[in-house]
Amino acid sequence: MENEKFVDQDFLENINPAVREMSAYHVGGGQTADVKLNQNESPYDLPAWLKLEILNEFYKESWNRYPDVFPSQAIERYARFLGVPKERVIMGNGSNELIYAIGLATLRRGASALIPSPSFSLYEKVATLLEADVIKVAMTANLDFQVKEIIEEAERSRPNLIVLSTANNPTSKSLAIEDIEDIVASARALVLVDEAYIEFSKQQSALKLIERYSNVMVLRTFSKAFGLAGLRIGFLIANAQLASELLKPKIPFATNRLAEIATIKLLDNYHVVQNVVSSILQERERLYGELQSIKTIKTHESDSNFFIIAVDNPTRVFAELKAKGVLARDVSGYPLMEKCLRVNVGTREENDRFLSALKEAVSR
Ligand SMILES: Cc1ncc(COP(=O)(O)O)c(C=O)c1O
């Protein structure tokens, strides 16, 4: 970089030390590949006719005008889809933006967040940025949640926020609704239930808990089953009073009109999502059977659109898959996952390419 030499060390001292110590978000292995299975995306783009409908609507918009400060049309449509009052719904620029908003609303120096470990890295990053303490409760060796330990730790350390990602990224294991309810009912904390993968899950959503418990927040995304990772759409659902607080630290105008239009159109054509989910679930079953038949690896059962496999040498297997055009995620840096790779379910053809590259890599 040409002007790097002009950066004076003294100026960098003005950067928040919590920021200086952390590294930027990084997608290991990059974001392009013939067979891209590393970001838990849907392998299916929206059908062309639906994209055109969305674009035609977007074309009619005045691009010189700000969008709605809080996108009321998409919020109303999503609230109707879920069957909840619109006052409970917040829309974000992807659920990542909402995780930041929740952090800003609940954490600060002296506050704490309880996060099962390993879990989605952004929760800890936001807590660290805000100088809050992070209390981790380890999963079991088989990567399952330890519910009793979570409840006991919450009782002991009184966190402000508990984050439950279910199905959890990167483990793909879920909590049963009864377990979530036990945590919610016993904790004095706000409980964020991140349901990024709920459409693929055998478990029930925590949405109904919002009726009975005022400390529950449910996070949803359009980046996985809904196939719109590129448009950045996420939603947060909580009781109206809590939602009105969580709205305050949000970046104004963070959701653009394209995202708002796409939300409405996709929900009006929800069969598109249902078809995608049923294809992915079918492939998940097939892939699970195939992976289980490979005796030199361990395959964890998946309650999401991705698998965790444990192999002897994850770095070598990752590299060999990559050399064959198959991009997996090396998650071996996470605690309890030293041998693990993460691979999302692709199309049938992509899964076949992955399987044959994997078989070759682990046969050596
Ligand atoms: C558990 C979990 N939450 C949130 C996200 C972020 O989703 P979004 O694209 O809506 O920001 C991801 C993405 O991988 C995820 O795995």
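R158 is partly exposed, because 13 other C-beta atoms lie within 10 Å. For this count, C-beta atoms are placed from the backbone, and a residue is buried with 20 or more other C-beta atoms within 10 Å of its own, exposed with 12 or fewer, and partly exposed in between. R158 sits in the loop between α7 and β5, and its phi is near 45 degrees, a positive value in a residue other than glycine. This is a predicted model, in which local features need pLDDT of at least 70, side-chain atom pairs count only at pLDDT 80 or more, and totals for chains, interfaces and linings use all residues. Residues are numbered from 1 along each chain as its sequence is written.

**Overall form**

- The chain has 14 helices and 13 strands; these are DSSP runs numbered from the N terminus, with helices (H or I) of at least four residues and strands (E) of at least two.
- The radius of gyration of the chain is 21 Å, which agrees with the value near 21 Å for a compact globule of 364 residues. The radius is taken over C-alpha atoms, and the globule rule is 2.2 Å times the number of residues to the power 0.38.
- Along the principal axes, the C-alpha atoms fill a box of roughly 55 × 55 × 55 Å.
- Of the 364 residues, 41% are buried.
- Of the contacts between residues at least 6 apart in sequence, 72% join residues at least 24 apart; a contact means that the C-beta atoms of two residues, placed from the backbone, lie within 7 Å.

**The seven-stranded sheet**

- An open sheet of seven strands has the order β2-β8-β7-β6-β5-β3-β4, with mixed pairing. Its edge strands, β2 (89-92) and β4 (133-138), each pair on one side only. Two strands pair if DSSP finds at least two bridges between them.
- Neighbouring strands of this sheet are turned by 20 degrees against each other on average, direction ignored.
- Strand β3 (residues 112-117) pairs with β4 in the parallel sense over six bridges, and L114 stands opposite I135 in β4.
- β3 and β5 run parallel and are joined by two bridges, with A113 opposite L161 in β5.
- Five bridges join β5 to strand β6 (residues 190-194), again in parallel; the bridge partner of V163 in β6 is L192.
- Five of the five residues of β5 are buried, so this strand is largely enclosed by the rest of the structure. L161, V163 and S165 point one way from β5, while I162 and L164 point the other way.
- Helix α7 (residues 147-157) lies across β3, β4 and β5 (161-165) and runs at about 160 degrees to β3. Axes are lines fitted to C-alpha atoms, for helices over the stretch in contact, and angles run from 0 to 180 degrees between N-to-C directions.

**The four-stranded sheet**

- A further open sheet has the order β9-β10-β13-β12 and antiparallel pairing. β9 and β12 (329-330) are at its edges with a single partner strand each, so one side of each has no neighbour in the sheet.
- β9 and β10 form a hairpin with six residues between them. Two bridges join strand β9 (residues 298-299) to β10, and K298 stands opposite A310 in β10.
- Strand β10 (residues 306-310) has four of its five residues buried.
- β10 is also joined to strand β13 (residues 340-344), by five bridges in the antiparallel sense; F307 has V343 as its bridge partner in β13.

**Around the ligand**

- The shell around the ligand has 13 residues, of which G94, N96, N169, T221 and S223 come nearest. A residue is near a molecule or strand if its C-beta atom, placed from the backbone, lies within 6 Å of it.
- Helix α5 (residues 94-106) gives the largest share of the shell, three residues.
- The shell divides into three nonpolar, nine polar and one charged residue. Ala, Val, Leu, Ile, Met, Phe, Trp, Tyr, Cys and Pro count as nonpolar, Asp, Glu, Lys and Arg as charged, and the others, Gly among them, as polar.

**Backbone details**

- Most residues other than glycine have a negative phi, and most peptide bonds are trans.
- N40, not a glycine, has a positive phi of about 55 degrees. N40 is in the loop between β1 (35-36) and α3 (48-60) and counts as buried, because it has 22 C-beta neighbours inside 10 Å.
- T166 and A167 are joined by a cis peptide bond with omega of about -5 degrees; A167 lies in the loop between β5 and α8 (177-186).
- N169 and P170 are joined by a cis peptide bond with omega of about 15 degrees, and P170 lies in the loop between β5 and α8.
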